[in-house]
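Dear colleague,

Please find the structure below, handed over for your own work. My findings follow it, arranged by topic.

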Amino acid sequence: MEELTRHAPLAIALDDVGQATAASLVRLQLAVQDVAHLPVVLVASTRSGEPAAAPVELAELLSGASNTILLGLSERETGDLLFERLRRRFDTDFVKTCHRITLGNPFLINAVCDWIRIQTSPAPTPTQLRKVVLPSVVEAMTGSANRLDPRVRSVAESIAVAAVSGEADPALLASISRNSLEDTLATLDFMVRTRLTADDHTVALKHPLLASALLGSMTVMGRNAAHLAAATFEHKRRDTELRAARHLAASTVPLHARWSVTTLIEAARSNDATARDRVRFLEHAAQIGVEDTWPRVAPELAQAQITLNRDRGLRSAVEMLGGITDAAVTRRLLALIGSTLYEDNWHNGQSNVIEAVRTAVAGTEFHHWPQEFQAYGRVPSPTPMDVSHSGGASSSPVSSDVRLHAVATSLNALSTLLQGKAPATALADARKALDCGLEELLLHPIALPTALSVLVYGGHHTEASARLRMLVASTDHLPRWVRVAVEFIEATRYYAEGELYAARRVLAAQLADLSRYGGQGYGRLRTCIVGLLANVHLDIGDTAAAAALLRRHHHEGPPGEWYDLDAQLARARLQVNAANVTGGVEKLLEIVRHRETTGGSWPGTLCWRNEGVPLLAKVGAQEQAVREARRQTNFADKTGSTLERSRALRIQGVLSQGDTAVKRLTMAADLLAGTDNDLELARICGALGTVLARLGRHDEAVAALTRSGRLAAQRGARDLEDRVHVQLVSLESRLTQDISVRGILSLTPREREILIDAVLGQANNIIAGHRRITRRTVELHLSSAYRKLGISGRDEFGKILGSPGRWEILTAGPKRRHHRSARCAEPFGDVP
């Protein structure tokens, strides 16, 4: 110990010291006394509520010690630990979910990290994280407690099972665990003292990750028995049918007649119920129910049957139409039939289904549906077109008949938008279609997603989201094809708002789902998802993921339709980033030629509007860039969208020179003042910084670029952040300030945190307490930071605050490692 403490203090850490024997503790105490003259600290942990193996000796050892209760890491610290263990950043929702299920417990976070390492998918989702089962967690957290009270494991499993219905109480837990109420209460008291559960009348495990691990470690028969016991117990209570239904849905045991129709229907609607279970519950409800039960269950039963077997379920849904007189139920069945036909791209082999529907609805108010569905029934090719003549939708309706006005109006809106000449008219038609209400919109599967897409592509993504929430509480309630299409529009909205990680999460989940669904009707949606996801990967800075995605889905040929353009754009960006300018130019010009061939004044997809013109200008296609910018400006002026007008001004600024460029980019930034469009503002500031650097206004350029980098970091746009940092470094030699940008960017995350604390006036001992480190560690980090910045100490902090942009760079976050050459990373052209 003398040798070990010659140059630094020594810490001796003991976990679960309460389990040590008396002889061990006596020996340890003697050793500590022998080295009392040395800088040695003993750190020992005990488990709250668990009796010590040698309480007298432990008390003597810990006499006079400082006590700290470990409450877990904060949400920010959880994200830092994930990064430290995995060397990658996760989006806010993922970090929040990890913190919620672990309560910041470092052991559990490390267990999650181990699980992430073995995943085949590149980015596990929060949903996957919530459902993760880690059996090792069970023994680690309940093993010692179970040895002291053998009922702990069974009661903990009962709590996890009971949580399926929302909450647990001691009586329910006693029924599930088959213990007496008195024994259950005694075990719960012990679990509260050992911090496994909260001290409340409603019992819950403190760590959700432990609950999922317990459920996952139970056998199927064990879970069935527990859920059946819970369902039976809840069914005997009053007003608990929903809770009984949730447990029934989680069980796979055969049904019998004692369950009520309401319980069976609620069980079918449970998130835990499989399609086979839903069919089982609903068929049993129909058998034991009264006359009005069948209309209640028919649409949901048809949906479950279609999920199990598409063709067989489709025939069953058509058969149900003949026995239904309720108009609302008929609407739901027609919406389901239409969506299912769309999944197979409405191929000719299904014309017999339409004929069967025609027979079933003949003489009813829905007798027009088969004819009008056929008029719009094929998956449309969304190129400029006139759909007003299709079918009977444009004729004068008979007041008592149901007509498909919503789909006709939404398709007209899309056609007008793609022509680009009257976006205001397109937006008005989209709003008119959405005003028809959800029931009419769902009579044709493309009506709702088409109307929403017009709002999003027209720059009114916030309105699209608000209208969707007004129409439906959850997309899970929509027919499957409609749900997939609407969720893609939602992902596009995330992209428009600069929420890159949210967009990536939704798109990646959709792509995984489509591989299970099958059906030719998902082909165009898959193309759209792949194109947008590839561009999101590039914005996040993950070029490898973008390249792999495009290879996997074989998007290599020239664009065929407008929805192919995003994939082609992503390929062009990959080529340019890899310094293959010739290949990038070729693919960009293919996009331009396709757009000019189709005609119209539409400025392209959101990805093209963000990246197209800057890329064309960068590779020297100035003439094409000017034409595209003109289209974008004309379109933006007619949409009434602040975001579109700001983006168009940015594009004009990129193509302009001198003070004109500065003026346009400043106007673009001013338009977004007070909004949440941080990523677009980051793009604007990046372009402004480049222009200012060309004009020799280097201090202003640093300020603009620093702001761009900070905003890009906040939105996870690593590609833009990296390019901005390259420009900041390239400006270093042109600045006269004392503090080195390169030095700031070379600081480690810990050096950066501690330096910021020091600049803000905190003393070293305060920083040590706040960061939970020693004062000596603070001093070492500060010394390293001073050396990198070229300053001698706190007396020169004024240089950091006085140099334009330096404080912003310091507080913007750690510089990420470049994965491209500096030449290819320059954002908007060379800095003179």
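**Helix 21 and helix 24**

Helix 21 and helix 24 run roughly parallel to each other, because an angle under 35 degrees counts as roughly parallel and theirs is about 30°. Please note that the model is a predicted one. The two axes lie 8 Å apart, with helix 21 spanning residues 405-419 and helix 24 spanning residues 447-457. Their crossing is left-handed. On the side of helix 21, the residues that meet helix 24 are A406, V407, S410, L411, A413, L414 and L417. Helix 24 contributes A447, T450, A451, V454 and Y457. Sorted by class, this contact has 10 nonpolar and 2 polar residues, and no charged ones.

**Helix 26 and helix 27**

Helix 26 (residues 480-496) packs with helix 27 (residues 500-517) at an angle of about 160°, and the axes are 8 Å apart. Angles over 145 degrees count as roughly antiparallel, and helix 26 and helix 27 are therefore described as roughly antiparallel to each other. The crossing of helix 26 and helix 27 is left-handed. From helix 26, the contact draws on R480, R483, V484, E487, F488, A491, Y494 and Y495. These meet L500, A502, A503, V506, L507, Q510, L514 and Y517 of helix 27. By class, the contact of helix 26 with helix 27 comprises 12 nonpolar residues, 1 polar residue and 3 charged residues.

**Overall fold and cores**

The protein has 832 residues, of which 53% count as buried. Its secondary structure consists of 45 helices and 2 strands. Among contacts between residues at least 6 apart in sequence, 68% join residues at least 24 apart.

The largest nonpolar core holds 181 residues, and the members that touch the most others are I337, V357, W369 and L755. Which residues does W369 contact, leaving aside its neighbours within four places in sequence? They are L334, I337, G338, I354, V357, L404 and L443. Two of these, I337 and V357, are also named with W369 among the core members that touch the most others.

Q29 is part of helix 1, which covers residues 22-34. Is Q29 buried or exposed? Its relative accessibility is 19%, so Q29 counts as buried, the cut-off being under 20%. Not counting residues up to four places away in sequence, Q29 touches E60 and L61.

R223 is found in helix 12 (residues 220-236). With a relative accessibility of 24%, R223 counts as partly exposed. Its contacts, leaving aside neighbours within four places in sequence, are with L215, G216 and M218. R223 and E157 are 66 residues apart along the chain, and their C-alpha atoms are separated by 9.1 Å.

T642 lies in helix 34, which comprises residues 642-655. T642 counts as partly exposed, at 34% relative accessibility. It touches L671 and L672, residues up to four places away in sequence not being counted. The C-alpha atoms of T642 and T675 are separated by 9.7 Å, the two residues being 33 apart along the chain.

With kind regards

Technical notes:
Residues numbered from 1 in each chain as written. Predicted model: local features only at pLDDT ≥ 70, side-chain atom pairs only at ≥ 80, totals over all residues. Heavy atoms only, no water. Axes fitted to C-alpha atoms, helices over the stretch in contact; angles between N-to-C directions. Helix = DSSP H or I, 4+ residues; strand = E, 2+ residues; numbered from the N terminus. Parallel < 35°, antiparallel > 145°, perpendicular 65-115°, else oblique. Left-handed = near helix turned anticlockwise from the far one by under 90°. Contact = heavy atoms within 4.5 Å. Nonpolar A, V, L, I, M, F, W, Y, C, P; charged D, E, K, R; others polar. Core = buried A, V, L, I, M, F, W, Y, C linked by side-chain atoms within 4.5 Å. Buried < 20%, exposed > 50% of the residue type's maximum accessible area, 1.4 Å probe, protein only.
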